[in-house]
Amino acid sequence: MTLGETSERVYTLEQALAEAALSAWGGYQNGRVPASALSPVLSGVPGSGYLRPDAARDYFSMALAFSSAIGRPLDITEGYRDYDRQVDYWNKYQAGTGNLAAYPGTSNHGWGISCDFGSGVQTAGSSAKRWLDANGPSFGWTPTGNTFSRPEPWHFDYVREWTGPVAQERGLGIVLARCSESLPGVGAGFIAAIGIRSLRHLTSANMVTAMRVVGVPYYDLRADSFLGVLDACSIPRSALVGGADYWRR
Ligand SMILES: [Zn+2]
């Protein structure tokens with residue numbers, strides 16, 4: 001058995017389980033953290049758009065700095081990974097048909113503190129990767145994938161210690177998303193402030209600008225990604241109407 005997505009000092013399953021236990025938080029089990037304990041982020045793999053709230057907060061700050069420096073959003077390919085998906089990846093890895101995968105229950109993705117990034121970060125030597133390697137650690141995000149048995153330039157871990165729940169009133173977990181393609185029933189150019197279970201259609205450029213000035217992350221998305229964000233935030237498609245102002249506790 002060869003373990004994947006583990007640091008250089010982890011060679012056995014026992015070590016991997018012991019290492020994973022060090023990252024436990026909130027009384028949850030790896031890969032079984034409820035969405036209500038996590039903060040939503042945008043990500044490519046359906047169902048993975050969540051991070052531990054402090055990791056999400058520092059990701060948003062880092063993404064803003066990244067986009068100022070590199071000129072594009074910092075996309076997450078995959079963030080949180082639930083236990084069943086880890087089992088699936090592990091089986092594919094063992095069968096020789098998938099990427100490196102950690103043993104189920106030992107991945108930091110299962111704690112909501114790992115991200116696999118796109119936006120060029122996946123390519124060693126690119127300007128995006130060099131920027132994130134140099135600047136990620138000051139936001140708590142460390143390029144741990146560089147030292148995997150088979151290096152993964154895209155994999156970063158959030159290494160700051162869990163200090164308890166982060167207050168959601170601080171605007172955490174809200175993103176601005178503009179859909180550049182036509183959305184069913186509402187057309188193109190739809191701009192919304194999206195949080196978990198909330199969506200507000202923004203019709204004024206001033207509102208959009210004001211939110212960007214205070215650092216709310218902004219994404220220009222294709223229709224399928226936009227709808228994926230709604231799903232990740234538990235917003236029904238029926239909430240998406242021209243004058244959308246949707247909130248549910
Ligand atoms: Zn990863």
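**Entry 1: strands S8 and S9**

I began where S8 meets strand S9 (residues 198–201): the two are antiparallel and share four bridges. Strands count as paired here if DSSP finds at least two bridges between them. Helices (H or I, at least four residues) and strands (E, at least two) are DSSP runs, numbered from the N terminus.

Before going on, I noted that this is a predicted model, with pLDDT of at least 70 needed for local features and 80 or more for side-chain atom pairs, while totals for chains, interfaces and linings use all residues. Residues are numbered from 1 along each chain as its sequence is written, and side-chain values use heavy atoms, with hydrogens and water left out.

Back to the hairpin. Gly195 faces Ser198 of S9 across the pairing. Two residues separate the strands of this hairpin, and Arg197 has a positive phi near 60° there.

**Entry 2**

I followed S9 to its other partner, strand S11 (residues 245–247), and found an antiparallel pairing of three bridges. Arg200 sits opposite Asp245 of S11.

From S8 (residues 190–195) I went to S7, which is joined to S8 antiparallel by five bridges. Cys179 has Phe190 of S8 as its bridge partner. S7 also pairs with strand S10 (residues 218–221), this time parallel and with four bridges. Leu176 is placed opposite Tyr218 of S10.

How many residues of S7 are buried? I get four of the five in S7 (residues 175–179). Buried means under 20% relative accessible area, exposed over 50%, and partly exposed in between (1.4 Å probe, protein chains only).

**Entry 2: the open sheet**

Next I looked up a four-stranded open sheet, which is antiparallel and ordered S3-S4-S6-S5. Strand S3 (76–78) and strand S5 (141–142) are at its edges with a single partner strand each, so one side of each has no neighbour in the sheet. S4 and S6 are joined antiparallel by three bridges, and Asp116 is the bridge partner of His155 in S6.

Which residues of H4 are buried? In H4 (residues 127–135) they are Ala128, Lys129, Trp131 and Leu132. They lie on the same side of H4, because they span an arc of only 160° around the axis; the arc is that of the directions from the helix axis to the C-beta atoms. Arg130 and Ala134 are exposed on the face turned away from that buried side. Among the elements covering the buried residues of H4 are helix H2 (53–70), strand S4 (114–117) and strand S6 (155–158). Contact means heavy atoms within 4.5 Å.

In the loop between S4 and H4 I came across Ser119. Ser119 is not a glycine, yet its phi is positive, near 60°. Most residues other than glycine have a negative phi. Ser119 is also buried, at 13% relative accessibility.

**Entry 3: cysteines**

I searched for disulfides (cysteine sulfur atoms within 2.5 Å) and found zero in the structure. Cys115 is buried at 0% relative accessible area, and Cys179 is likewise buried at 0%.

**Entry 4: charged pairs**

For salt bridges I took a side-chain nitrogen of Lys or Arg within 4 Å of a carboxyl oxygen of Asp or Glu, and the count is twelve.

Asp54 and Arg52 form one of them, at 2.8 Å from N to O. Asp54 is buried at 3%, and Arg52 is buried at 3% too.

Asp88 and Lys92 form another, with their closest N and O atoms 3.1 Å apart. Both are in helix H3, four residues apart, about one turn of the helix. Asp88 is partly exposed at 33%, and Lys92 is partly exposed at 39%.

Arg222 and Glu181 come to 3.8 Å between their closest N and O atoms. This pair links distant parts of the chain, 41 residues apart: Arg222 is in the loop between S10 and helix H6 (223–232), Glu181 in the loop between S7 and S8.

My last stop was a salt-bridge network of Glu78, Arg81, Arg85 and Asp116. Arg85 belongs to helix H3 (residues 83–94) and is buried at 13%. Beyond its neighbours within four places in sequence, Arg85 has contacts that include Val45, Pro46, Glu78 and Tyr80.
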